[in-house]
Amino acid sequence: MTALELGHLIGEGTIDPIELAQYFFERIKKLDPEHKIYVRLTEERALSEAKAAAIRAAIGRRLSPLDGVPISWKDLFDTAGVETEAGTRLYEGRIPATDAECLTRASRAGLVCLGKTNMPDIAFSGIGVNPWTGTGANPFDREIDRVPGGSSAGAALSIAEGLAPAAIGSDTAGSVRIPAAWCGVTGLKTTYGQISLEGAVPLSYSQDTIGPLTKDIADANILYSILSGRPAADLSGSSLEGVRILRATSQFDELSDPAITEQVKKGLSLLAAAGAIVTEGPVPAFDDVVALTAKHGSPAAIEACMMYGDQIRANRGCMYEPIEERILAADKLTAVDAAALYHGLETLTADYIDQTAGYDLVVGPTQPEHPPAIAPLLQSVDAYLRATMMSISLTRLANLLRLCATTLPCGLESGFPVGLMLMAPGDTEGKLLRLSTAAEVALRPLNA
C-alpha cells in the first residue's frame, strides 16, 4: 500500500501504527540482515512515535494524513542521539544532538522514523556503491548484483523491497531520481531552497535538494508539503488535455541507449493519447551547461573540495578512493573558473526558461542506460568513474539549471525499469505534481 493508503486505514482504526511499525521491523531484520539497505534502525524512537500516533488516532486528533505511517531516512539527515555518518568513515561515530529540520517537520506531522538508509560517501556517487557498508543489489536482477543507483541507494531499495512505504533522500545531481528510476519507483527532485537543508550533511551547499521517493505522486505530494511547510497541490481533476510537452533531444538522444529512448517514446504516445501535445527538439541550454561544467568544473566538486579537502588530506583512506580523487581534483580549478561557472549557471538558467517558454514540461529518460553490475566497478577505477558520470549525465541538468523534476516508472526494457523524467521551471512544484499525476495515470498500461 502507499503511504496515504496506510494513513487512511490508521485514521479508520483498521491499522494499528504500533503493529505497522513492528511489521516493517520484522521484514527489515529478515530481508536485510547485512544492513546493506538500512545501516541502522531507530526502533525505540519508532515504537514511541507509533504509540503516540495510535493514541491520537483513537481520539480523532491526528496531526496529518500520514500520522502513524513509518518511513525511512537517508543517513545524511541528523537524527538526535543516533549515529548519522553520511556513508563515510570520516564521520564514523558522529552523533548529532538534534534532528534535521525536515525530520522535525515530519515528526510534527506524526510520521514514524524507521531508521537510516545506506548511501555512498557524503552522497558523491550516482551509482550508490559503498565499500564500507556494502551495497544493496538492484531488485530487478536476482542473479547478478547490480547497482541500485545513488546516492539515495538504501532509500529506493527500502521501498522496492517492501521495507518502507516511502523514503526521504537528497538530490544534488540526480540522487533521488537515479535510484528511483533504476528501482522502479517514483521520485521528486524539489527546487533548491524549497526544503530546508538545516541538519543535512552537505555535499554541495548550492546544489543539494531534499525530496521523497515514493510509490506514487500522491505520496510525493503530501511528503513535499510536510517537509517544506507549503500547501499540498490539489491533484484532483489533473489532466494532460492540451498540455505542451517537449521531448528534449539535446544530450538525451546522444547519451541514451536507443532501446531506452524507444521505451520513453512509448510512454509519450500514451501521454499524447491522453490529450498532451508532444513535440521533440533541442534545448541548447542543456548542451551549453554541460560544456560550461566541462571547462570550469562542477559546483558539487568545487564546494565539496572547499568543505572536505583538508579533512580528506588529513585522513586519507577514510573515503572511497575514487570519491576522494574526484573531490580533490577540484583543487586544480582557479578562482576564475569558479566565477565563470557560477555566472554561467545563472545566465544559462535564464536561457533555459526562454528556450522552453512554450512548453509545460520538458521530458526525457531519467537514466541513459540500465544499471551496471557492481563487481566490475569495484575492480576498476575507470569503470567506476565511467558508470558514475553516466548515471548523473541526464539528471544533473535539472540541478544545474535550478529546475524541479519527477521520475515516473515507464515500463520495462530488457527486464529493467525505465524512468520518464518530467522537468519544469524552478518553484513550480504544484504544477509539476499535477501534471505528473495525470502522466502517471496515462502510463498505467506500461506499468501494469
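**Close-up views of a predicted model**

**View 1. Helices H7 and H17 cross with a left-handed sense.** The coordinates are those of a predicted model, in which local features need pLDDT of at least 70 and side-chain atom pairs count only at pLDDT 80 or more, while totals for chains, interfaces and linings use all residues. Residues are numbered from 1 along each chain as its sequence is written, and side-chain values use heavy atoms, with hydrogens and water left out. Left-handed here means that the near helix is turned anticlockwise from the far one by less than a right angle; helices (H or I, at least four residues) and strands (E, at least two) are DSSP runs, numbered from the N terminus. The axes of H7 (residues 217-228) and H17 (residues 429-442) come within 9 Å and cross at roughly 165 degrees, where axes are lines fitted to C-alpha atoms, for helices over the stretch in contact, and angles run from 0 to 180 degrees between N-to-C directions. H7 and H17 are therefore roughly antiparallel, a term that applies to angles over 145 degrees. On the H7 side the contact (heavy atoms within 4.5 Å) is made by Ile217, Asn221 and Tyr224, and on the H17 side by Glu429, Leu433, Ser436, Thr437 and Glu440. These contact residues divide into three nonpolar, three polar and two charged, with Ala, Val, Leu, Ile, Met, Phe, Trp, Tyr, Cys and Pro counted as nonpolar, Asp, Glu, Lys and Arg as charged, and the others, Gly among them, as polar.

**View 2. The largest nonpolar core has 114 residues.** Such a core is a set of buried Ala, Val, Leu, Ile, Met, Phe, Trp, Tyr and Cys residues joined through side-chain atoms within 4.5 Å, and buried means under 20% relative accessible area, exposed over 50%, and partly exposed in between (1.4 Å probe, protein chains only). Trp73, Phe77, Leu227, Leu271, Ile327 and Leu420 have the most contacts inside this core, and H7 supplies its largest share, seven residues. Another core, of 24 residues, lies apart from it and includes Val283, Phe286, Val362 and Leu397.

**View 3. Helix H5 (residues 153-160) is mostly covered, with seven of its eight residues buried.** The buried residues are Ala153, Gly154, Ala155, Ala156, Leu157, Ser158 and Ile159, and they pack against strands S1 (38-41), S2 (70-74), S3 (112-117), S4 and S6 (209-214) as well as helix H6. Just after H5, Gly162 takes a positive phi of about 70 degrees. In the loop between S3 and H5 lies Ser151, which is joined to Gly150 by a cis peptide bond with omega of about 5 degrees.

**View 4. Val176 sits in the loop between strand S4 (167-171) and helix H6 (177-182).** Val176 is buried, with a relative accessible area of 0%. Setting aside residues up to four places away in sequence, Val176 touches Ser152, Gly169, Ser170, Asp171, Gly187, Leu188, Gly211, Pro212 and Leu213.

**View 5. Ala123 and Ser414 have positive phi values in residues other than glycine.** For Ala123, in the loop between S3 and H5, phi is near 75 degrees, and the residue is buried, with a relative accessible area of 5%. For Ser414, in the loop between strand S10 (404-413) and strand S11 (416-424), phi is near 55 degrees, and Ser414 is exposed, with a relative accessible area of 56%.

Note on methods:
Angles under 35 degrees count as roughly parallel, over 145 as roughly antiparallel, 65 to 115 as roughly perpendicular and the rest as oblique.
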